[in-house]
Amino acid sequence: MTQIAIVTISDRASRGEYEDLGGPAIERWLRGVLAEPCGFARRIVPDGLESVRDVLIELCDQAGVDLILTTGGTGPSPRDLTPEAMRQVITKELPGFGELMRQASLQHVRTAILSRQTAGVRGRSLIINLPGKPSSIDVCLSAVFPAVPYCLELIGAGSIVVNSS
């Protein structure tokens, strides 16, 4: 069974001061489009280089997760270091994911140019950085998800079957 991890990156959510809205939004979106069951793992970690890097390495190398979707930490604030942490982990960056997510988001919000989403591969795991706002998550996943099943196939990860509607 294909394994999907959803990682929320937020200082406040990791301390329990803020309800994680991004992680549940991703899982709801996925359950709405996936035609076959997948295993889901959820993590909440604080912002920062080491915390994000370490959870991505653990999910790729120890847990063998096929697809990791992060939410949060992609803006310009000092603690938003998700793309930098991911770049320390991946062997190949896939910048087209970020380009398309920003392009799609710009149709809804003019500040989308501030977001620094990207994607990359580590071994047989695809990692995609998504924004933290649930409405932006929907826009971004809708834009890039058509490429995900083929990318997983190309890197030798588990397969994902999407509803054909």
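Arg43 is partly exposed, at a relative accessible area of 26%. On that scale, buried means under 20% relative accessible area, exposed means over 50%, and partly exposed is in between, with a 1.4 Å probe and protein chains only. This is a predicted model, in which local features need pLDDT of at least 70 and side-chain atom pairs count only at pLDDT 80 or more, while totals for chains, interfaces and linings use all residues. Residues are numbered from 1 along each chain as its sequence is written, and side-chain values use heavy atoms, with hydrogens and water left out.

The side chain of Arg43 meets that of Glu58 in a salt bridge, 3.2 Å from N to O. This pair links distant parts of the chain, with Glu58 in helix α3, residues 49–62, and Arg43 in strand β2, 15 residues apart. Helices here are DSSP runs of H or I with at least four residues, strands are runs of E with at least two, and both are numbered from the N terminus. Glu58 is also partly exposed, at 27%. A salt bridge here is a side-chain nitrogen of Lys or Arg within 4 Å of a carboxyl oxygen of Asp or Glu. The structure holds 10 of them.

Next, Glu27. It counts as buried, at 15% relative accessibility. Glu27 forms a salt bridge with Arg42, where the closest N and O atoms are 3.3 Å apart. Arg42 lies in strand β2 and Glu27 in helix α2, so the pair ties together parts 15 residues apart in sequence. Glu27 also forms a salt bridge with Arg31, at 2.7 Å between the closest N and O atoms. Those two residues both lie in helix α2, four residues apart, about one turn of the helix. Arg31 is exposed, at 52%, whereas Arg42 is partly exposed, at 36%. Asp20, Glu27, Arg31 and Arg42 are linked in a network of salt bridges.

Now the sheet. In what order do the six strands of the open sheet run? The order is β2-β1-β3-β6-β5-β4, and the pairing is mixed. The edge strands are β2 (39–45) and β4 (92–93), each pairing on one side only. Two strands pair if DSSP finds at least two bridges between them.

β4 and β5 are antiparallel over two bridges, and Glu93 has Gly120 in β5 as its bridge partner. β5 and β6 (residues 125–130) are antiparallel over four bridges. Ala119 stands opposite Ile128 in β6, and Val121 has Leu126 as its bridge partner there. β5 and β6 form a hairpin with two residues between them, and Gly123 in the turn has a positive phi of about 60°.

Leaving aside neighbours within four places in sequence, Cys151 is in contact with Leu94 and Leu126, contact meaning heavy atoms within 4.5 Å. Cys151 and Leu126 are 25 residues apart in sequence and 7.8 Å apart in space, C-alpha to C-alpha. Is Cys151 buried or exposed? Cys151 is buried, at 11%.

Last, helix α6, residues 134–144. Its buried residues are Ser136, Ile137, Val139, Cys140, Leu141 and Val144. They pack against α2 (22–33), β3 (67–71), α5, β6 and α7.
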